[in-house]
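Reader: Can you walk me through this one? I'd like to take it piece by piece.

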Amino acid sequence: MSDDILTKLKRVVGDGRVVTGERVSAYEFPWATHDRCLAKAFVYPASTEEVSKVMALCNEHRQVVVPFGGTTNLVQGCATAEDDIVLSLKHMADVEELDSAAQTLSAGAGLTLQAAQEAANKAGLYFPVDIGARSSCTLGGIVSTNAGGTKVIRYGMTRDSVLGLEVVLADGTVLTSMNRFIKNNSGFDLKQMFIGSEGVLGIVTRVIFRLAVKPQTQQVALLACDSFDKVVATLHTAQQMLPATLTGFEVMWNSFYRLAVQPKGRLTAPLEPGAAHYILLEAMGSEPEHDAAAFEAVLESLLTNELLTDGVIAKSDRERADIWAIRDEVEPVIGNSHNFDVSLKSADAGAYVATLVNKIPAEVAGTEVVGFGHLGDNNVHVSVQMKDQSSERIQAVEKIVYEQLLPYDGAISAEHGIGIEKRAYLPISRTVEEIDIMRRLKRMLDPNNILNPGKVVDAS
Ligand SMILES: Cc1cc2nc3c(=O)[nH]c(=O)nc-3n(C[C@H](O)[C@H](O)[C@H](O)COP(=O)(O)OP(=O)(O)OC[C@H]3O[C@@H](n4cnc5c(N)ncnc54)[C@H](O)[C@@H]3O)c2cc1C
């Protein structure tokens with residue numbers, strides 16, 4: 001049976017586009033997001049028609065298919081078993097159309113986020129999503145996870161910028177919803193069902209994104225605060241004083257900042273570690289003289305109101321990039337650790353993380369809690385440093401992280417999704433009825449449970 005389906009798949013996509021054996025186990029996950037790749041084969045279709053034929057065949061053979069974008073997700077969403085087939089969209093990565101007048105970009109789902117950003121930039125426009133994994137993650141991946149990132153405070157989540165989508169269902173049906181209008185209430189907006197569904201309902205093959213006007217100015221500052229209340233007050237000040245231009249408000253606890261800037265000299269760090277919290281504040285606008293003055297006025301106000309212990313405004317592109325590098329360089333933080341991504345009110349985030357800082361090392365020896373995140377979007381990342389990652393220890397840590405969210409009515413996933421890693425905890429954030437509808441949708445669209453089974457909800 002297994003040879004049979006591989007032979008048939010080769011007939012659809014060509015011999016060279018079905019890869020087996022050592023080349024499968026040699027697959028390297030960027031940022032070591034997954035342990036190792038186990039699969040019967042990698043299949044690389046080059047068109048929607050090929051994806052459709054591949055899915056129809058796999059459905060007929062009850063063959064499990066795991067979609068791969070850039071495999072940068074942090075929730076084991078691309079975990080595979082030995083008998084699975086990986087479907088990679090790598091060869092469907094063309095920019096099909098960049099309509100400068102309509103401010104839209106249509107592309108294949110395999111295009112990397114960075115390539116989409118560069119294409120928009122070349123046309124004098126701006127791609128409204130940005131995340132640290134931009135060089136590897138793909139449009140299909142950011143759509144399937146409804147990725148957030150560092151510009152959400154201004155442009156919203158990925159969902160807010162997707163106008164149109166083409167999806168191939170588990171049985172090979174092609175669902176084309178390539179809308180390009182801001183307004184289109186012609187019946188149900190079916191694309192919304194697939195955005196953020198982590199590849200369990202369909203394969204995203206093509207996307208139309210809404211682009212933004214390219215900002216002409218960028219102001220970036222690195223600020224230090226001695227209490228979390230002052231971080232929250234700084235956020236409110238920035239929201240009030242920069243209502244149209246505030247683009248980024250990233251918070252880093254000292255535990256993060258210290259790890260990111262060490263060893264000394266690895267990155268250019270304009271402020272020494274040691275303050276309780278650091279903030280990366282960013283504004284982007286279109287009036288050079290006014291924007292710089294408005295940004296400086298925010299800092300003056302923050303200093304006058306004694307909200308900061310220190311602060312520096314970047315004066316050049318180089319200095320702006322240096323400050324962003326501190327926040328983007330998460331590798332020393334997320335390596336050797338178990339990582340969480342939760343949502344709660346910004347004002348509650350300080351107390352929540354403080355509880356974890358005390359409770360986790362007290363109950364699970366040999367751990368340290370590191371906090372950072374997109375505070376302007378109610379989103380905190382908690383990275384628990386732990387060399388010994390036995391499943392009992394991870395479960396003990398997970399229990400504390402998620403149970404401590406309950407008093408705040410927090411969400412177990414802000415932007416990373418559920419994958420396998422958070423599935424058991426979904427009832428903390430979703431009602432029984434919501435989970436039941438998720439299962440029913442999965443069973444309706446994929447009755448043989450072949451598409452990324454076991455991720456998000458168990459529909460078996
Ligand atoms: C350094 C770093 C920084 C990050 N920062 C952020 C951040 O700020 N915000 C954020 O939201 N995330 C962040 N992430 C997580 C990750 O980058 C995002 O989840 C991203 O959207 C995943 O895109 P991908 O192409 O790598 O998708 P993958 O990891 O390949 O896939 C994600 C899920 O979608 C499915 N899938 C992939 N492609 C398709 C497709 N075409 N059709 C259907 N299903 C598909 C997969 O099966 C999987 O379940 C970060 C990750 C790293 C490593």
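Author: What follows goes through domains, ligand shell, strands and a helix in turn. This is a predicted model: local features need pLDDT of at least 70, side-chain atom pairs count only at pLDDT 80 or more, and totals for chains, interfaces and linings use all residues. Residues are numbered from 1 along each chain as its sequence is written.

Reader: Which domains does the chain have?

Author: The assignment gives domain 1 (2-88), domain 2 (95-213), domain 3 (217-328) and domain 4 (331-433). Domain bounds come from an automatic or database domain assignment.

Reader: How many residues of domain 1 are in contact with domain 4?

Author: 7 residues of domain 1 are in contact with 9 residues of domain 4. Contact requires C-beta atoms, placed from the backbone, within 7 Å. By class, the domain 1 side that touches domain 4 has 4 nonpolar, 3 polar and no charged residues. Ala, Val, Leu, Ile, Met, Phe, Trp, Tyr, Cys and Pro count as nonpolar, Asp, Glu, Lys and Arg as charged, and the others, Gly among them, as polar. The centres of domain 1 and domain 4, taken over C-alpha atoms, are 31 Å apart.

Reader: Now the ligand. Which residues come nearest?

Author: G69, G77, G140, G141 and G199, out of 38 residues around the ligand. A residue is near if its C-beta atom, placed from the backbone, lies within 6 Å. The elements giving two or more residues to this shell are β3 (65-68), α5 (139-145) and β10 (203-210). Helices (H or I, at least four residues) and strands (E, at least two) are DSSP runs, numbered from the N terminus.

Reader: Which element gives the most?

Author: α5, with 5 residues. By class, the shell has 16 nonpolar, 19 polar and 3 charged residues.

Reader: Why does the ligand lie between domain 1 and domain 2?

Author: Because both domains give residues to the shell around the ligand.

Reader: Back to β3. Which way do its residues point?

Author: V65 and P67 point one way, V66 and F68 the other, and all are buried. Buried means 20 or more other C-beta atoms within 10 Å of the residue's own; 12 or fewer is exposed, in between is partly exposed, and C-beta atoms are placed from the backbone. In a regular strand the side chains alternate between the two faces of the sheet.

Reader: What is the sense of its pairing with β4?

Author: Parallel, over 4 bridges, with β4 at residues 85-88. Strands pair if DSSP finds at least two bridges between them. V66 stands opposite V86 in β4.

Reader: And V43: why does it count as buried?

Author: V43 counts as buried because it has 25 C-beta neighbours inside 10 Å. V43 is in strand β2 (residues 41-43). Beyond four places in sequence, its contacts include L9, V13, I85 and V86.

Reader: Let's switch to β18. Which strands pair with it?

Author: β16 (residues 337-343) joins β18 through 7 bridges, antiparallel. β17 (residues 368-373) is also antiparallel to β18, over 5 bridges. In β18 (residues 379-385), 6 of its 7 residues are buried.

Reader: Last one, α8. What do its buried residues pack against?

Author: They pack against β12 (217-225), β13 (246-253), β14 (277-285), α10 (288-304) and α13 (346-363). F228, V231 and L235 are among those buried residues.

Note on methods: Contact = placed C-beta atoms within 7 Å.
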